[in-house]
Amino acid sequence: MTALRQATEVVDPVPGAGAPHLPQQPDLVQLLSPEGERVEHPDYSLDIGDDELRALYRDLALVRRWDIEATALQRQGELGIWASLLGQEAAQVGAGRAMADGDMAFPTYREHGVAWTRGVDPLQVMGLFRGVDSGGWDPLALGFNLYTIVIGAQCLHATGYAMGVQRDGAESAVLAFLGDGATSQGEVNEAMIFAASFSAPVVFFCQNNQYAISVPLERQSKVPLFQRAAGFGFPGVRVDGNDVLAVLAVTRAALAAAREGQGPTFIEAFTYRMGAHTTSDDPTRYRLASELEEWKLRDPIARLKAHLSRSGIADAAFFDSVDAEGDELAARIRSGTVDMPDPDPAGMFDHVYEEQTPTLAAQRAEFVEYHASFEGGEH
Amino acid sequence: MTSPSATLRQFKLPDVGEGLTEGEILQWLVAVGDTVTVNQPLCEVETAKAAVELPSPYAGTVVELLFEAGTMVDVGAPIITIDVSGGAVPPPAGPSAAEAEPAAGLIGGPAPGGRTSVLVGYGPRNTDAKRRPRRVPVAEGATDVPDAADGPAGRPDPEVAPLLPTAPDARTKPVRHGGLEVGRQAEAHALRGDAATSHGVAHGRGRLRPLAKPPVRKYAKDLGVDLAMVTGSGDGGVITRADVDAAASGTASALAPRPASGTESGEPGRAFGTESGSGAGGEERIPIKGVRKHTAAAMVASAFTAPHVTEFLAVDVTRMMKLRTRLAARPELAGVKVSPLLFVARALLLAARRHPMVNSSWDEAAQEIVIKEYVNLGIAAATPRGLVVPNIKDAGRLSLAELAAAIGELTETARAGKTSPADMSGGTITITNVGVFGVDTGTPILNPGESAILCFGAIRELPWVHRGGSGGGKPKIVPRQVTQLSLSFDHRIIDGELGSRFLADVGAILHDPGAALAF
């Protein structure tokens, strides 16, 4: 939460423009400058009330607090691994809040912010990373599919689901999440080709956080990612991924177009992963601290906070209350995670089929017997 | 977390990556007596993957640091004891936001430089996995039943045949399982103290494949090594790359022990291959590649393209050897090796100047003979990699000292295996020195593209008809230092006459170095 309280400084309004390792970044949709000034964009307007603005801030701050606690818990041996979203809160919260009831999201393994907006209990996500659960939420009830670890695979699922929506004649849209690295994957390209061919109601929301683990974007793509959409035959738009308002507006428009039958859109949310790829990664091995410092000046939360403060939409009491709520959330996540019971190993047989098959029942019995053969312990 | 007492908590080194087994405590960020809050950084730990700060899971007072900075600690070992009696046990609530911040800001942030390398993503385990102890299975009487632990739920799987030679079983079938099951069998027997372990498991010939990992199988195949003939030295009799190497190099110890006739030959499970006839007179198959392959191609091309003629000449080089001693003492030649080869090279260069046609090549395509105005003098060298023929560029322009230095450098480079392709290309004529092997002479094959090659034999003291007084004296049989020269040449270009004159000139200079003045 350091970044939460840091003073905002005047920097160039276009992320990446000052970063020598990145190409010039034109065509960036922005509604909130890094200094917290509301700016207008000819194609994307956003009519938003003060309550909604404060709610967005609360989302961003709580999601970050959750992420920080999860990272700490991993370092304390309480999680097997954690994929941090630090720096990508606005892209995720903006996209998640753009979804309507009935819309379906297909996340990667980093979409904790989207999970939050869809009503997934953080502890269900924590159970996944603690390794005691395979993902316990109801994807259909929440409109949020289970996390997908295989890079890019969820794009095929999303396109297929969207084609199903199309055949059902339903008026809902599908939001497929992916990272910049996934755009180099075959599945993602196949998904986009199918989506284009069938005008499927799917929006590809790519968080370009600049690195595919350690490989910088310029090593993967000779053109800005959003321009690739043209090759598939649908619109591509680049949005400032650290501007929650712009992300909200652009994603809303894309989802609306999908629902109206206008087919897919590719959104490149231009952002930055301020933390490590996962807790197993050491980003100091492949990027400079100065780059991180530069992106801290474009912090998505500080930006909205500056806007809320300056325009008088929120006062210190509001921010303090959000901080306090964050600490309560963190404490709940901490105790809830540490107290999670280890699962029964035999439980893996329970959810394969709705009704147990004789073969599986026999395997289960063998498995239980096998575990009982070990000394000192019931499993 | 174990708790030594009601209010003491120990923090065990967690696996901060995936599958890490240890980490080095780089530095402690707290000291004994310090009050710490939840998520306050306690220490900096470097693992195989990253250097990270470990935040405290407890709020309380530091009682003890269990390892000094710089210590490598196993994952799971307690590293710090914290007394949490000052607060609730354990403190359920997180720290105040302000206190939590340092940890938060630092995690994933830039770390000081000078780290050792880390990996991104999954890394291999550095240590062997430990198996949990198993409950001892109840003996079922028959020893030929596989360990109850081997089949799921202790049920003998008919598909997993008993593999050990001591346990022939009517149900035995060729095992289709991979190394894992076999390894487990071996391990099970090792645990039971069964003497017949790895050998038997690995060599149940005709019943199961020898145990080796796929790359080793490929390696053995490439080297022509029959894995059934190799004794594995790895765990459970697994054949390692080193075992294959040893077998390939014909080390007797690497070959599978052959049963003494009569004692074990009656046991069908112990047939190691002697019965199949591949006994002591084995063969070694060496893949044709690298320098050998190149040499073979060059020699075949040369032998079947250029019709070779070889001529021989015995030369009394006693005077040359005397001159060598005198020259070696001269300051111009200090620091270089004045070898017989140097004289041969010099003689060849002088003779070639007189007979330029020997320094030529046959251009079949252009239907032209190309006479080189420079001599790139090749010296055939035996190296660890095989035969290479680097050449000295424009050797005819070099002084004796320069030539000596060039030969020295060339042979040194070749012996070090560092001869570059450029060093080996563009040769025009070659010397091969078989004398260094104590051999008198040979019929060398031309280096492709060249038209002559001079073979230089050993210099021996031989009984020789010698006339003293510069050849004008009475003939006497005396011991003289004699060498053999042979010259192979391309008869398309060089007739017997030219070849003979050239060889005679080389011989004349070596016999009487003073003759060089006439050239």
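**Notes on a two-chain predicted model**

1. Let's start with a helix pair in chain B. Helix α8 (residues 340–354) of chain B packs against helix α11 (residues 496–511) of chain B at about 135 degrees, and their axes are 9 Å apart. Axes here are lines fitted to C-alpha atoms, for helices over the stretch in contact, with angles running from 0 to 180 degrees between N-to-C directions. Helices are DSSP runs of H or I with at least four residues, strands are runs of E with at least two, and both are numbered from the N terminus.

2. A word on the model itself: this is a predicted model, where local features need pLDDT of at least 70, side-chain atom pairs count only at pLDDT 80 or more, and totals for chains, interfaces and linings use all residues. Residues are numbered from 1 along each chain as its sequence is written, while chains are lettered from A and ligands numbered from 1 in the order in which they are written.

3. Back to that pair. α8(B) and α11(B) are therefore oblique to each other: angles under 35 degrees count as roughly parallel, over 145 as roughly antiparallel, 65 to 115 as roughly perpendicular, and the rest as oblique.

4. Who does the touching? On the α8(B) side, the contact includes B:F343, B:V344 and B:A347, and on the α11(B) side it includes B:F502, B:D505 and B:V506. Two residues are in contact if their C-beta atoms, placed from the backbone, lie within 7 Å. The contact residues split into 10 nonpolar, no polar and 2 charged. Nonpolar covers Ala, Val, Leu, Ile, Met, Phe, Trp, Tyr, Cys and Pro; charged covers Asp, Glu, Lys and Arg; the others, Gly among them, are polar.

5. α8(B) has another partner, helix α9 (residues 400–415) of chain B: the two axes come within 10 Å and cross at roughly 120 degrees. That makes α8(B) oblique to α9(B), and the crossing is right-handed. B:L341, B:L342, B:A345 and B:R346 of α8(B) meet B:L400, B:L403, B:A404 and B:I407 of α9(B). Here the count is 7 nonpolar, no polar and 1 charged.

6. Which residues does B:T318 touch, not counting those up to four places away in sequence? They are B:R480 and B:Q481. With 18 C-beta neighbours inside 10 Å, B:T318 counts as partly exposed (20 or more other C-beta atoms within 10 Å means buried, 12 or fewer exposed, in between partly exposed, with C-beta atoms placed from the backbone).

7. Now chain A. Helix α7 (residues 153–168) of chain A and helix α8 (residues 186–197) of chain A have axes that come within 7 Å and cross at roughly 15 degrees. That makes α7(A) roughly parallel to α8(A), and this crossing is left-handed.

8. Finally, the overall tallies. Chain A has 15 helices and 8 strands, and buried residues make up 49% of its 379 residues. Chain B has 11 helices and 18 strands, with 34% of its 519 residues buried.

Methods:
A crossing is left-handed if the near helix is turned anticlockwise from the far one by less than a right angle, and right-handed if clockwise.
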